Number of protein chains: 2
Amino acid sequence: MLNYDGSSLFISQKDIEVIHEYTLKTLSEVGMIFDHPEVLEVFKKHGARLDGNKVFMDEALISKAIATVPIEFEMYGRRGGLKIGKRYDPKVGPGTDWPLIVDEENNIRPPVFEDLLKFYKLMETSDIMDFSQLPITNLPEFGGKGDCTYLAQIALMLKYTSKFYANPARPNQSNVGSKGIRQTVKEYHQMLKEFHGVDDDKYIVMELLCVQSPLCNDKEMLDNLLEAAAANQPISVVIASMTNTTSPSTLLGTAIHDNAVALATTTLIQLLRPGLPVVHTILSSPSDMRYIQMGTGSTENALLAYAGIAMGRYYGIPVRGGGTLSDAVDVDYQTGAESAMTLMPAYLCNVDYITHCAGGMGVFNVGSFEKFVLDEELVGYMKRMIRGFNSSEPEFAFKQLKDTGPRGNYLMGRTPKQYRKETYLAKLFNKKGGMVSVRDDGTLREKACRHIQERMENYKLPEVDKAQQEVLDRYLKPLGL
Amino acid sequence: MLNYDGSSLFISQKDIEVIHEYTLKTLSEVGMIFDHPEVLEVFKKHGARLDGNKVFMDEALISKAIATVPIEFEMYGRRGGLKIGKRYDPKVGPGTDWPLIVDEENNIRPPVFEDLLKFYKLMETSDIMDFSQLPITNLPEFGGKGDCTYLAQIALMLKYTSKFYANPARPNQSNVGSKGIRQTVKEYHQMLKEFHGVDDDKYIVMELLCVQSPLCNDKEMLDNLLEAAAANQPISVVIASMTNTTSPSTLLGTAIHDNAVALATTTLIQLLRPGLPVVHTILSSPSDMRYIQMGTGSTENALLAYAGIAMGRYYGIPVRGGGTLSDAVDVDYQTGAESAMTLMPAYLCNVDYITHCAGGMGVFNVGSFEKFVLDEELVGYMKRMIRGFNSSEPEFAFKQLKDTGPRGNYLMGRTPKQYRKETYLAKLFNKKGGMVSVRDDGTLREKACRHIQERMENYKLPEVDKAQQEVLDRYLKPLGL
């Protein structure tokens, strides 16, 4: 494993102290909007100063609250337990919530129901992904079939995948119908608990809650947060600002802003439920002012990720980092280069958790089956990377050097287990050399498509017992699923 | 700039000591072949033990020799001076010596004369490349036109590019004719010196010399080395082994092997000419035993690069690192991901020099115009990365946070200079967002091709004075060039 945390390459102790100092200054002097009467009451009760829906909090309140965040916790699911936190081994989830996809014919189009199932099958058959999550929400197929379609979408994920669950695609006004957000979140937690046969004591879903910027949590987000806390489920507080647009112009200003909203939101969570697991995340990006667009696949995104990771570690809060982020809308050189650049911080820092690790591009907007499986290959490289360099067997090396000698040939005899243990063999990337004949295997896109087809054919529905089937039927049968 | 050297993430002090200890053991107990009587004489004179063409050297000899390697030096050329060494700012050169290229129609084929000129024009018009070097050698157009074609190829580079010169494509039996290697190298140095109007006192070409593995320097390489040292030109000693094939099975074994050959070769250089600049380089890769192929675009290549960089720093020798290495034969996701992964060590460690930074793929075998310009984009990102995170203006950030406030809009007013200074704007990558309409601009390949076309149109032959023109004419006119 790596010798230490790579964020220290980019973020000095002084940088950390500056970000921390101005975070406190921002929260006590500028304040943050929490657009929810219930939440304002909580802050008031704990002595925060209020001005309308704006909350001002001081260092004492924040320090006391965040001290109760646990440094590690364990997810529970059909595949047993998954420790997240100080293990220094990132747990991985795919991308999510794509309004567009790139299909088999390389067209960009809105997704259909079959695409949703195809992504679930990729998640389920993945050697790399620890988590499943909703890749696509609000399909036309779910519209018109019922009032609150959100619960059926969760049930469908439970039917098709048996991984650990994370939930970044939140219930919102468009998919909860007359049930409302809070009731929907309550029932979705009940469904998960009933399905897993557990009570509040187990963490069965990682809740990914996206804070608005600048300095704001709206009612919809806070409804989600209140219910996640009530259901005792871990929360990954994520902030995705755009420099010079929704956050200050500089990386420092954005890091201060992002750290402030993350810390304020974590404070609220701990006031609501001390000891509830929180994951600290900065997922912000530079704006490209030529087009007023977020530039996720960028060095500045990576630098902000390093800052977020450094701050989470400073507070003793588990950290999440990056993903395979790209701004391209084709799976090409840009996609590969940007995905590797933006995934690097998470692995160089051995973060605790990563999502957006497979399938996403086009500034979080476009899902791709092809990119999903190529991203898995890239994550495989990173997992090899953090196993690092092993100098524990110098005598084995020296014996080989001596036995083979100058101008000798190491190809003689059996391939030793040490080679097999150390060498990551790519599945889809060309490793056959730099010759014309390599193209006989088809393009990388064609190879990826063949691989996806094989996984579709080998996919099996996860087994469920009778009680679990009843839970699924309750939500899926009314929609004819 | 980065806080410190990223190799320490991967290579511990203990790892360094193990590699160093077994390097010395290898050089004193296993020995290394130097297949050249003149070189054997040099070692003998300095007290090394010989056994046929095998040289055994002890710690005292090595330590004394490498102590004279300078920690920095300055290249000289038509564009002034270029410091290489402890500046912590990598100087960059393109890829080299491709037997195949991918052309405008995306076909893989042997290169023709026009391809060579096109690569020179890309080098000359590059904002990124500090160096020019031979991208293609031994073209059919050079065959049959003369006896020794190597000198004309160098003259052609001088005619078409005015960057600093590096020379990884060595004279060999196939391009020196009856002139022989040593005489050709001697004359090529004379040509360079005459062209630049300098004597031995200036460093005008970085000589890239590739050591053979395992543990061997053959006569051809040593002829090159002897003449480079005689001409007082800096030498980048590079070793590109394949684990389990031409070097030991493990990364540690390969690091020991590579460090041994690099150190032994550096020792020879210093015995020949104490104080001559040397650049330490490990450019080795894992073998993929499924195909017995070198896997340049890999985590293991990156880990070996970190080891090489750490060892160079340990000895106080300037270091070279990685490049945009890939094993793909198409410019695709693999190419982008692998190029970013393998370029990362050089920038995370702020090495002194990098080559293979643009245009190469297919295990060093395939050149691509398209990849050349996309690699430049990637190097641009890395140059931004090492400028790092700047926390020096917290009051500017706080004023913005306060003035804009919660739910405010940072888009008001002029874009501040701080944003412009911090944000790298890509030229070719899509930054217009994740929408279908982005594809109206064409694919990345089409955008790259248009950009290349523009550079061809804007290219101007570098100016030469009358004396320089005479030098060029002497070598090019006989071939009708």
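Two strands pair if DSSP finds at least two bridges between them, and strands themselves are DSSP runs of E, at least two residues long, while helices are runs of H or I, at least four long, all numbered from the N terminus. Keep that handy for this tour of a predicted model, where local features need pLDDT of at least 70, side-chain atom pairs count only at pLDDT 80 or more, and totals for chains, interfaces and linings use all residues. Residues are numbered from 1 along each chain as its sequence is written, and chains are lettered from A and ligands numbered from 1 in the order in which they are written.

**Stop 1: a strand pair in chain A.** Select residues 164-167 and 205-211 of chain A: these are strands 10 and 11, which run parallel and are joined by three bridges. Look for A:Tyr165, which sits opposite A:Val205. Now widen the selection to the whole open sheet, five strands in the order 9-10-11-13-14 with parallel pairing. Strand 9 (131-132) and strand 14 (278-282) are at the edges with a single partner strand each, so one side of each has no neighbour in the sheet.

**Stop 2: colour by confidence.** Chain A averages a pLDDT (the predictor's confidence in each residue, from 0 to 100) of 95, and 99% of its residues score at least 70. For the complex, the predictor gives an ipTM of 0.97 and a pTM of 0.97.

Next, show the interface. Counting residues as in contact when their C-beta atoms, placed from the backbone, lie within 7 Å, 117 residues of chain B touch 117 residues of chain A. On the chain B side, helix 12 (residues 333-348) gives the most, with 10 residues. What share of the interface residues of chain B are also interface residues in chain A? The figure is 100%, so the copies meet through the same surface.

**Stop 3: A:Ile33.** This residue lies in strand 1 (residues 32-34) of chain A. With 19 other C-beta atoms within 10 Å, A:Ile33 is partly exposed. Its contacts beyond four places in sequence include A:Leu215 and, across in the other chain, B:Pro406 and B:Arg407.

Stop 4: Most residues other than glycine have a negative phi, and most peptide bonds are trans. Go to A:Pro214, in the loop between strand 11 and strand 12 (216-217) of chain A: the peptide bond from A:Ser213 is cis, with omega near -5°. Then pick A:Asn350, whose phi is positive at about 45°. A:Asn350 counts as buried, with 22 C-beta neighbours inside 10 Å. Finish at A:Val363, with a positive phi of about 55°, in the loop between strand 18 (360-361) and strand 19 (366-368) of chain A.

Terms used: Two residues are in contact if their C-beta atoms, placed from the backbone, lie within 7 Å. A residue is buried if 20 or more other C-beta atoms lie within 10 Å of its own, exposed if 12 or fewer, and partly exposed in between; C-beta atoms are placed from the backbone.
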